[in-house]
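Subject: Structure handover

Dear colleague,

Here is the structure I said I would pass on. Please look it over alongside the notes below.

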Amino acid sequence: MRAADKIKRYEGRLKALLVSIPLAVFTPEACTSPREILHPLPPGAVTLGEGRMKAQVDETRAFYLAIANDDLLKGFRQRAGLPAPGNNLGGWYSSDTFHVFGQIVSGLARLYAATGDAACCDKANTLITEWGKCVATNGYFYYSTRPNAPHYTYDKMLGGLLDAHIYCGSTNALEYMSRITDWAIANLDRSRIYADTATEWYTLSENLYRAYQLTGQDKYRFFAHIWEYTDYWNIYLAGGDIFAPRPGGGQTRFYHAYSHVNTLNGAGAGYLALGNPNYLTLLTNAYDFLRANEVLVTGGYGPDEQLLPRSNLVSRLYTSAHTFETQCGSWAVFKLVRYLMTLTGDARYGDWVEELCYNGVGASLPTTANGRVFYYSDYQVDGARKQNHPVAWTCCTGTRPQVVADYASQVFLQGDEALYVNLFTPATVRWNVNGQEVTVSQETAFPEENLTTLSVAAAAPVAFSLKIRTPGWLASPMTATLNGQQLVLSADSMHWAGVARVWSPGDRLVVSLPQTLTANSISASQPYPAAVRYGPVALAFEAPSAALLAGIDLDAPERSLLPVPGQPLTWQLAGDSGLRARPFYTYTASTPYFLYFDPVDDLDHPRVKYQGNWLDAGPFRYAREAGVTATYTFYGTRVYWLGYRFDDAGLAQVLIDGSAVATVDQYGPGRNLPFEWSSDDLFPGWHTIQIRVLGQRNPSALNNYINVAGFHAIGPPPSAVLVNRYSFATDASDSVGGQHGTLVGGAVITNGAVVMDGIKPGYVNLPNGLGATLTNYSIETWVTIAATRDWQRIFDFGWSTAGEDVQGQGSNTLFLTTSSPVSGAAGVGVWMYTKPQAAYRTNVVAGPALTLGTRHHIVLTYAWLGTTARLYLDGLPVATNRDIAASLAGLGPTVNNWLGHSQFSTDADFNGAIHEFRLYDGVLTPVQVMANHAAGPDEVVISKPSLDISLTNAQVLIAWPAEATGFSLESSLMLESATNWSSVTQTPVLSNGQHQILLPPHPSAHFYRLRR
């Protein structure tokens, strides 16, 4: 049977199939004639001027023109049995993994449209002609006989052929496009598994609808409809949450990021082809959902190539350096925004493209000669660096020329007798207004300056509107001058500010674009991780430690970040000229930076510890050797193991807190299918999950690989709980934990402080074993020193070789001293001794010298999970040690816990005053430290204390934090009226860092509240 007859019969079956499937949203038939409100300028109409974007276009064009045609064609020719000179390119290209030949052809064609360089067009047409000789008679066209991702590669080849015809006038591209589509209709697998990353089948509809629009052939229209991602698109259409349980069953906790944004472009092309308004509705809803939940400060998205619930994004910034798939992710957004802007006319969508022009693809490194591309942007909170991907010729290598070439078409748009300015970059557009040619040139140094100038050139005066996008980042309304005269600019409902007039040759419109510094926190409930932008430009910080970034005022960054004179877009931290911020796009390879930062992150966001031979695949790590493990310690009540199902995946054992709880099979019938395993409910607290590779598989699996994409814990992170407080109002009593101390020798209470004169003995003796169970802790004190003495103690917890209550030689001791000369400076420092010899002395953290006669606030925090100690002085971090074992629990049984006294008989006692001393179970955050510093030693800062209610021994236990002093418990039978509340008469008892009251159960409902 002839191929045409096969296709005809297939289309008949396809129409019947479409009728039988209840698609509530989309049909393959045209509904209306959609109208673009705005239009891109024709190819060649826009020329980029000198600037960052043009430089990147020129670099990219030179790179792709330099690739030898024979190298690109070698595998195709070998498969077809033709002479195949040239070299194997290697990497993904030679292995036929997500093959990029079609994308390179598309990129060359688009580079020709953007630059007018005929060499790009000649190369694209030559590649099509030579590749066409390798297409089999049945339409088979792949690089090898075993392509890894046939759906993906067909889609990219289809796009390349379309672009070669549209931009370069390729005479044979449409013929080849028809032949390979006939093959695809007959051969591509149609399982269409939800969220199947291996095929990315759900991205095929865009180029097929483009082919239908270009040719009018129904086979493209009906084949496009096959690949519509109806279940996913319908969630957006209904304004839903893609992570919630789906109406038809199933729930997906993460999606492949780039492809699940790129699939939306199929809806954009579908709207242009068919006119169904549902396509446009889902596009606008999807944009709003993604911007609100997935997009980071740079415009990037998808850590580890995953769309995740917003709460999960926080933890990924701490654990992954693969924050944004830069080239492919930018390209998906460029296309999505073009559909939205042209179809709605709304300028607000342009903000996302602008962000990526500076912080996404626009901030990427040049591609290296061996095809290694800037694949991932790194925003890791611990500190990040730029680098190109170690594997050559990945998917992003193919996307790069497409997205970079698109800069020119993003600058201007046109409407009915109106020119629209979307991006503020040097560029010139030649435009026809009612038959008259007009040239508009944009001159600007934006974002280094806040102005852009638009100049008009024409043979005679001409009437049109010039409209400027009003960005969402504006610090104040735009202003303008026209030929030196002030002009009022007002934004319309579509976020354009326009000037409509008869323009004369030489007219100059100068527009101000006020920018300011803004801080962006990724979580609405906590300040960190945070990042700083100036207008649309993401800033990255040069700092030796993220702890120093605690000095940045997140409410008003301009108060703490001062401009550096003579260096545009460069700021320094007030009081620390060595800590600087500058645009992320200015950083070169391997230069360390902090883009997102958290001055203390070690407790709430643990890392996965991989032991054994794990390989890095970008979105996940994988291993197959029996016995290798991935371990994650978390705080919560449930944990999810996230990964992917593969046809070559095997078995793993899951252990929770050391006990085996499950044997899990990661096998799936396809590739890259979403996988998750969750634990049963656990008691609130710290837990450890370990994945142990068994080296085994079920009979259907091709191998025994196990992969880990990440873990997600359910439950709030632990907070620091005040367990001991010594205020020294009249004595050394503990007002929170009841572990009272005693004054020894010359230590006296004066004006709410314990005062010691440095003459032995004169100190405070605290109970044995104080803090002995604490692995994560904070020690906080306010002190005034009267004299500087080497090694004089503020506190010293441990024991001495001479025994209890006697100085000798310290062993297993942790202490804070005001002056430790061996640390290199006579400053405050925390030290440990694990043996009574100096060789076992360890400096935990060291800070600057204290000022005599001045009250200082000192805080030591320790996060056991991150093995991190941090020292704060007067509200700010001054030292961090990320590799230290210094838990109080690790000291063992302590019998000498002293304030102002040393385990070593040769050391001086403290000379000064200790105004308050506190011990916390947990790590204080920088914000809490700053708040406590501002409040001073006589007030405990409490924010929104919460009640915990539980049953214990058939009684109701009501508890609230011990530091929430001055509150009383009230109860009521109803919530309607405030007059029904009455005091609970039982007196609370302090226990385990809580105020606790035991009440008998009531036969009816009761409500409780705290009141102060």
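Predicted model: local features only at pLDDT ≥ 70, side-chain atom pairs only at ≥ 80, totals over all residues.

Cores

The largest nonpolar core has 209 residues. Helix α16 (residues 326-344) is its biggest contributor, giving eleven residues. Trp131 and Tyr154 are the residues with the most contacts inside this core. Leaving out residues up to four places away in sequence, Trp131 touches Leu73, Phe76, Phe101, Phe141, Met157, Leu161, Tyr176 and Ile180. There is also a second, separate core of 44 residues, whose members include Leu816, Val830, Leu871 and Ala886.

Helix α11

Helix α11 covers residues 230-237, and its buried residues are Thr230, Tyr232, Trp233, Ile235 and Tyr236. What do these buried residues of α11 pack against? The helices are α9 (204-215), α12 (257-262), α13 (264-274) and α14 (277-293), and the strands are β3 (255-256) and β4 (306-307). Just after α11 comes Gly239, with a positive phi of about 70°.

Cysteines

The number of disulfides in the structure is zero. For Cys357, the closest cysteine sulfur belongs to Cys396 and lies 16 Å away; a disulfide would need the sulfur atoms within 2.5 Å, so the Cys357 sulfur is too far away for a bond. Cys357 counts as buried because its relative accessibility is 1%. Cys121 is buried too, at a relative accessible area of 9%.

Strand β40 (residues 793-800) is mostly covered, with seven of its eight residues buried. It has antiparallel pairings with two strands that I looked at. With β41 (residues 810-817), β40 forms six bridges in the antiparallel sense, and Arg793 stands opposite Thr817 there. With β47, β40 forms four bridges, again antiparallel, and Asp796 has Trp898 as its bridge partner.

Trp898 belongs to strand β47. Is Trp898 buried or exposed? With a relative accessible area of 0%, Trp898 is buried. Setting aside neighbours within four places in sequence, its contacts are Tyr763, Val764, Asn765, Ile794, Phe795, Asp796, Phe797, Asp805, Val806, Gln807 and Gln903. With one of these, Asn765, the Trp898 side chain makes a polar contact to the side chain, at 3.3 Å. Trp898 also lies 9.9 Å from Thr742, C-alpha to C-alpha, although 156 residues separate the two in sequence.

His901

His901 sits in the loop between β47 (896-899) and β48 (911-921). His901 counts as buried because its relative accessibility is 6%, and the cut-off for buried is under 20%. Which residues does His901 touch, not counting those up to four places away in sequence? They are Tyr763, Arg793, Asp796, Gln807 and Asp909. The contact with Asp909 includes a polar one between the two side chains, at 2.6 Å.

Two open sheets

Six bridges link β30 with β27 (residues 638-645) in the antiparallel sense. Within that pairing, Tyr640 has Ser678 of β30 as its bridge partner.

Another open sheet is made of four strands, ordered β49-β50-β54-β53 and paired antiparallel. The edges are β49 (948-952) and β53 (989-991), each of which pairs on one side only. Here neighbouring strands are turned by 35° against each other on average, direction ignored. Strands β53 and β54 (residues 994-999) run antiparallel and are joined by three bridges, with Ser991 opposite Gln994 of β54.

Regards

Notes
Residues numbered from 1 in each chain as written. Heavy atoms only, no water. Buried < 20%, exposed > 50% of the residue type's maximum accessible area, 1.4 Å probe, protein only. Polar contact = N/O pair within 3.5 Å; in protein donor to acceptor, adjacent residues only side chain to side chain. Contact = heavy atoms within 4.5 Å. Core = buried A, V, L, I, M, F, W, Y, C linked by side-chain atoms within 4.5 Å. Pairing = 2+ DSSP bridges. Axes fitted to C-alpha atoms, helices over the stretch in contact; angles between N-to-C directions.
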